[in-house]
Amino acid sequence: MISTELKSHFLRLYQMAFADDNFDVLEMQMLYKFAEERGLSKEQLNDILLNPSHDSSIPESLQVRVEYLYDLAVMIWADGKVTNDEYNTLKKYCKKFEFLDENITELADYLLESAKTGVSKEEIITEINS
Amino acid sequence: MGAIKKLFKLKDKANSQEAYSSTEEAREQIRITYYQSGYGASTKASGCSINLGVCLKNLYYSFEDLCRKQLNEQERLKQPYIEEQEKQRTELKKRETALSIYEDQKNDLISTIDKQKFEMIDVKQNPEVYGIQDVDKRPKAQFYIGLGLLLPITIYLFVFYISASYSAFFKNFETDSLTAAIFDANALKLSLSHGWLEAIFIITIPFVFMGLGYLIHMFQKNKKFISYVKLAALLILTFMFDVILAYLIEKKIFDFDRVLGETFSPSIAIESVNFWGIIFAGFVVYLIWGLVFDFVMKEHENVDKIKTFIRGKKEEIKNTELKKSDLLIKVDIIKQEVTSINGKISELQSKIDGFVFPVKEYLHYHYQYKEGWFQSINEVLALPAKSKDELKTKCETVSLDHLKELNLENMDFQHLVFTKN
């Protein structure tokens with residue numbers, strides 16, 4: 001059984017892919033890559049995307065939150081460009097993930113910068129936890 | 001390192017509750033809910049079109065109810081109306097200020113008119129207050145009295161000079177009586193019988209004297225030294241003319257009575273009573289005529305001054321009245337504007353007190369619900385494709401009817417406002 005949390009995450013990634021009104025093939029591939037990483041089959045991902053659940057939930061732990069947001073940032077870079085809509089959507093999720101309002105812009109910038117330079121999720125997590 | 005940690009700092013739990021109520025997210029939630037409830041309801045009712053009709057009605061009323069309860073959301077939707085109302089209030093303030101300024105101006109004009117009317121009456125009583133000097137308070141009466149005296153004296157002068165000049169220049173004396181010498185009752189008739197030129201001569205002579213009298217009046221107006229010199233010269237001239245007339249008459253009388261050897265001389269004339277009688281009956285009366293004439297003219301001018309003043313005031317009042325009526329038109333226009341602005345404000349107020357129905361949002365949810373419903377027909381119902389299509393067509397009709405009933409089928413505006421009456 002796939003948790004609501006994970007479902008929500010993929011829906012967010014899906015929305016992010018759509019944020020620039022252009023669902024790029026690269027973004028689609030990225031979405032399936034994320035699914036693979038999380039141990040989801042193609043069918044399962046399709047199921048999630050076609051049957052949207054209304055119970056969107058955000059993860060409890062800081063680590064998972066950061067991971068999810070970082071996924072979104074990577075998703076933004078999937079087609080090699082950051083549009084305004086994508087940037088705003090990322091900020092929206094940063095806010096929803098209950099990070100401090102005053103840090104939102106900086107946080108989004110940091111995530112996008114890290115995603116651009118290809119920093120791994122683990123590196124960021126260790127940095128935060130250190 | 002610390003900076004990054006700080007960057008990833010989370011909000012307190014209490015605050016996070018607030019953040020969660022972000023309307024954007026809530027709306028997204030609702031959208032999904034509608035889709036799912038449409039889907040669920042359709043599954044349960046096996047996609048029956050009658051059920052869809054009822055469900056859509058439910059959906060509409062619950063959505064409307066929800067909107068009414070979402071006070072913050074309503075506040076947001078009403079914001080444009082509140083701003084518009086504020087704008088209208090400012091406009092109203094402006095109009096009210098203008099109105100009070102115009103009212104003041106109107107009152108000023110009214111008091112000006114009153115003052116002018118008062119002055120029109122008061123000028124007769126206190127002419128000196130209005131800069132009209134040397135005016136008798138009863139100029140009219142004095143004018144008429146003067147005129148009453150002037151007319152007979154004028155007639156007298158006419159008669160005297162006609163007969164005197166006739167006697168002096170044309171008469172042949174047949175009697176030595178003085179009255180016959182100075183005054184000849186038949187002077188006009190006789191001169192006419194002698195020829196029209198002679199008649200014209202003696203008729204026009206009095207005008208010469210009256211012209212001289214008129215000149216006295218005119219010279220008196222300018223109180224300059226040269227005027228007095230001219231005046232004196234005129235008087236002397238007239239006197240000389242009279243003397244010549246008297247001398248000629250006296251000479252004729254003397255010639256009539258003459259004893260042989262006697263010759264007429266100025267000394268004889270000066271010693272004669274007739275001579276002086278003619279002079280006084282002519283010149284002195286002429287002087288009196290001149291003075292009375294002068295007096296009458298002065299009084300007439302005084303009457304004229306006051307009349308001119310009153311005429312001026314009437315003109316002023318007319319102008320002021322014109323200004324006043326212009327102002328009243330302006331005031332009327334502003335009053336109308338005030339009424340219409342007040343109307344707008346109360347209209348906006350009723351919108352603010354009422355309830356804004358977000359049409360587009362409702363339609364969005366409506367279609368979500370319908371999508372869920374149709375999705376369920378497609379996926380859950382075990383029916384042949386043809387039956388499914390029929391069912392969907394029926395449901396489509398029900399859905400359209402529902403929108404028609406609410407007058408929402410061709411909505412191209414964002415919100416529908418229900419006013420509070």
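This report describes a predicted model of a complex with chains A and B.

## Basis and confidence

Residues are numbered from 1 along each chain as its sequence is written, with chains lettered from A and ligands numbered from 1 in the order in which they are written. Because the model is predicted, local features need pLDDT of at least 70 and side-chain atom pairs count only at pLDDT 80 or more, while totals for chains, interfaces and linings use all residues.

The predictor gives the complex an ipTM of 0.70 and a pTM of 0.41. Chain B has an average pLDDT (the predictor's confidence in each residue, from 0 to 100) of 81, and 88% of its residues score at least 70. Residues 15–20 of chain B fall below 50. Beyond near neighbours in sequence, that stretch has 5 contacts in the model (C-beta atoms, placed from the backbone, within 7 Å).

Chain A has 7 helices and 0 strands. Both are DSSP runs numbered from the N terminus: helices are H or I, at least four residues, and strands are E, at least two. Of the 130 residues of chain A, 33% are buried. Buried means 20 or more other C-beta atoms within 10 Å of the residue's own; exposed means 12 or fewer, and partly exposed is in between, with C-beta atoms placed from the backbone. Among contacts in chain A between residues at least 6 apart in sequence, 71% join residues at least 24 apart.

Helix 4 of chain A covers residues 62–77.

The largest nonpolar core has 34 residues. Such a core is a set of buried Ala, Val, Leu, Ile, Met, Phe, Trp, Tyr and Cys residues joined through C-beta atoms within 7 Å. Leu69(A), Leu72(A), Ala73(A), Met75(A) and Leu111(A) have the most contacts inside this core. Helix 4 of chain A gives the most to it, with 9 residues. Leaving aside neighbours within four places in sequence, Ala73(A) contacts Leu90(A), Leu111(A), Leu112(A) and Ala115(A). Apart from this core lies another, of 23 residues, among them Phe143(B), Phe283(B), Tyr286(B) and Phe293(B).

## Where the chains meet

In the interface, 16 residues of chain B contact 16 residues of chain A. Helix 1 (2–7), helix 2 (13–20) and helix 3 (23–45) of chain B each supply at least two residues of the chain B side. Helix 3 has the largest share, 6 residues. By class, the chain B side has 8 nonpolar, 4 polar and 4 charged residues. Nonpolar covers Ala, Val, Leu, Ile, Met, Phe, Trp, Tyr, Cys and Pro; charged covers Asp, Glu, Lys and Arg; the others, Gly among them, are polar.

An unreviewed UniProt entry annotates residues 143–164, 196–216, 228–249 and 275–297 of chain B as "transmembrane region". Positions follow the numbering used here, feature names are shortened, and annotations may be inferred rather than shown by experiment. Residues 228–249 are 100% helix and 0% strand, with end C-alpha atoms 32 Å apart. Residues 275–297 are also 100% helix and 0% strand, with ends 33 Å apart, C-alpha to C-alpha.

Gly211(B) lies in helix 9 (residues 196–221) of chain B. Gly211(B) is exposed because 9 other C-beta atoms lie within 10 Å. Its C-alpha is 9.7 Å from that of Gly290(B), 79 residues apart in sequence. Ser346(B) is in helix 12 (residues 273–353). With 12 C-beta neighbours inside 10 Å, Ser346(B) counts as exposed. The C-alpha atoms of Ser346(B) and Gln85(B) are 8.6 Å apart, across 261 residues of chain.

Key:
Two residues are in contact if their C-beta atoms, placed from the backbone, lie within 7 Å. The expected span of a helix is 1.5 Å times one less than its number of residues.
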